[in-house]
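Please view the sequence and the model together while reading.

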Amino acid sequence: MAPFTVCMAEQNVPEGGGSSGTTVYGVLDAGIVGERGCAANCAATRVSGGVASGSRLGLQGREALGNQVAAVYGLEAGIENDTGRSEDGRLFGRQAYVGLDSRLGALTLGRQYNLQYQALTDVADPFQGGMAGSASNLAGYSVKRYDNTIKYASPALRGVSAAAIYSFGESPYSRAQNRAYGATLGYSSGMLNVSVSHQRKNNLILASGTLPAIDMSARNTLIAANLDMGVATAFAAVGMNKGYGSSPWDPSNDYSSLALSMSSSDSRDSLLGLAVPVGAFRVLASYVRKDDRDLANRDASQMALGVTYSLSRRSDFYASYAKIHNKNGARYTVGNASDSGRGDAAFNLGFRHGF
C-alpha cells in the first residue's frame, strides 16, 4: 500500500491548468513518546502532538488569470494538538506565500521550505522526517523554512525539474546577516527518484543589544535518491556540511551560544533505508551516520525501525524506535517531526488523520 500521502506532502504550490478554487486541508497527529538516555529535563513518557507528521491546518488555492497563468497562495498553521497551542508561536509558521503559476513555472514569495530539507525528507528518508527514525536527527540542513523568501520552481520536463530559493536577511545590522539561498535539481521517472541540492544560510543567532552576533552560518549539500522496486523501496543519501549551524544543535541549551551544543562545523552524512509494504502495513528501517571531520571527532550513528498500519488513505497507526550512538561527547538526540528530543533513544506509538 502507498505511504500516508496526505501527511508526507508538504503542500507545495498547486499545479495544473487554469482551474480556480480554495482547498482546506490538515493533519492531526498525536502519539506517546518514551525517551531514554536524557542528560537532564527528560519527561520519560509523555503525550506529544505531531510525532509522525507535524499537525497543521492549511488553506491553499489558485485563481485563473488567463493565458495559462494563475494566482496561487498558501497559508499553513502548525498546531500542537496535545495542548492546542500554536506551533512555534506563529499564526502561519509552517508556510505563508503568494505568487504566480504558469507553464513556465511557479514564482512565489513568503515563508517557504528550505529546498535541501525537502530533498532530505521527501526523497532520502523512509521516515519522511517524522517518528523517532527521522533522518534529520543527524543529517544537516540548518533550518526547515526561510522567511522573506522568493522561490522559483520549474515545470517537470521529461522527468527533470529544478527549483531555486533566495531569502533576504532583513536584519537591522546587515543585509547579509540572516540571508539564505539554495537550489535543487531533480529527476523522477518510473522507479527512480534522484535529487541534488545545496543551501547556504548565514548567521542563525543575530546580534542583539551589546552582544555580538555568533557565527552559525551553514552550507549543506545533499545527493538523495530512492528506488521503488514494487516489493520494497530503497533509500540512500550522501551529505556534506560546513559551519556550526550545518548540523543539528539545540538552541535551548543554556550554553549553546558558547559550546554550540557540541555541534560539528565540518561533517559528512550517509543514509541507507528501506520501506517494505506488507498488506496494510509498511515496515521502515534506516541507518544514518554522521562523520565529524573536526578535531574532536564527535561521530554519531542512528539505527531506526518503524511500522505504519493504514486504516485508509487518510488514517493510520504508527510505531517506531530509534537509538543514537554518540562518540567523543557528541550530543545528538532522537526527535520526531515536531520535537528535537532530549535523549539518545526514543519509542513512539501514535495515530494520525489527514483531511
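The model is predicted.

**Strand S7 and its neighbours**

On one side of the pairing, strand S6 (residues 95–102) runs antiparallel to S7 and is joined to S7 by 7 bridges. A hairpin of 2 residues links S6 to S7, and Asp101 has Ala106 in S7 as its bridge partner. Strand S8 (residues 145–153) also pairs with S7: these two strands run antiparallel and are joined by 7 bridges. Within this pairing, Leu109 has Ile150 in S8 as its bridge partner.

**Aromatic residues**

The structure contains 5 aromatic pairs. One of them is formed by Tyr113 and Tyr117, which are stacked, with 6.4 Å from centre to centre and 10° between the planes. Tyr117 and Tyr141 form a tilted pair, with 5.0 Å from centre to centre and 50° between the planes. Because Tyr117 lies in helix H2 (residues 115–124) and Tyr141 in the loop between H2 and S8, this pair ties together parts that are 24 residues apart in sequence. Tyr113, Tyr117 and Tyr141 make up one aromatic cluster. The table gives the relative accessibility of each cluster member.

| Residue | Relative accessibility | Class |
|---|---|---|
| Tyr113 | 1% | buried |
| Tyr117 | 4% | buried |
| Tyr141 | 13% | buried |

**A loop residue: Ser53**

Ser53 belongs to the loop between strand S2 (45–49) and strand S3 (56–66). Its relative accessible area is 5%; residues under 20% count as buried, so Ser53 is buried. The side chain of Ser53 makes a polar contact of 2.7 Å with the side chain of Arg352.

**A nonpolar surface patch**

Which residues form a nonpolar patch on the surface? The patch consists of Val160, Leu185, Tyr187, Met191, Leu192, Leu227, Met229 and Val231, which together have about 710 Å² of accessible area. Among them, Met191 is found in the loop between strand S10 (180–189) and strand S11 (192–201). Met191 has a relative accessible area of 49% and is partly exposed.

Technical notes
Residues numbered from 1 in each chain as written. Predicted model: local features only at pLDDT ≥ 70, side-chain atom pairs only at ≥ 80, totals over all residues. Heavy atoms only, no water. Pairing = 2+ DSSP bridges. Helix = DSSP H or I, 4+ residues; strand = E, 2+ residues; numbered from the N terminus. Buried < 20%, exposed > 50% of the residue type's maximum accessible area, 1.4 Å probe, protein only. Polar contact = N/O pair within 3.5 Å; in protein donor to acceptor, adjacent residues only side chain to side chain. Patch = residues over 30% accessible without salt bridge, like charges linked within 9 Å, V, L, I, M, F, W, Y side chains within 5 Å. Areas by Shrake-Rupley, 256 points an atom, 1.4 Å probe, with all protein chains shown as cover. Salt bridge = Lys/Arg side-chain N within 4 Å of Asp/Glu carboxyl O. Phe/Tyr/Trp six-rings, centres within 6.5 Å; stacked < 30°, edge-to-face > 60°.
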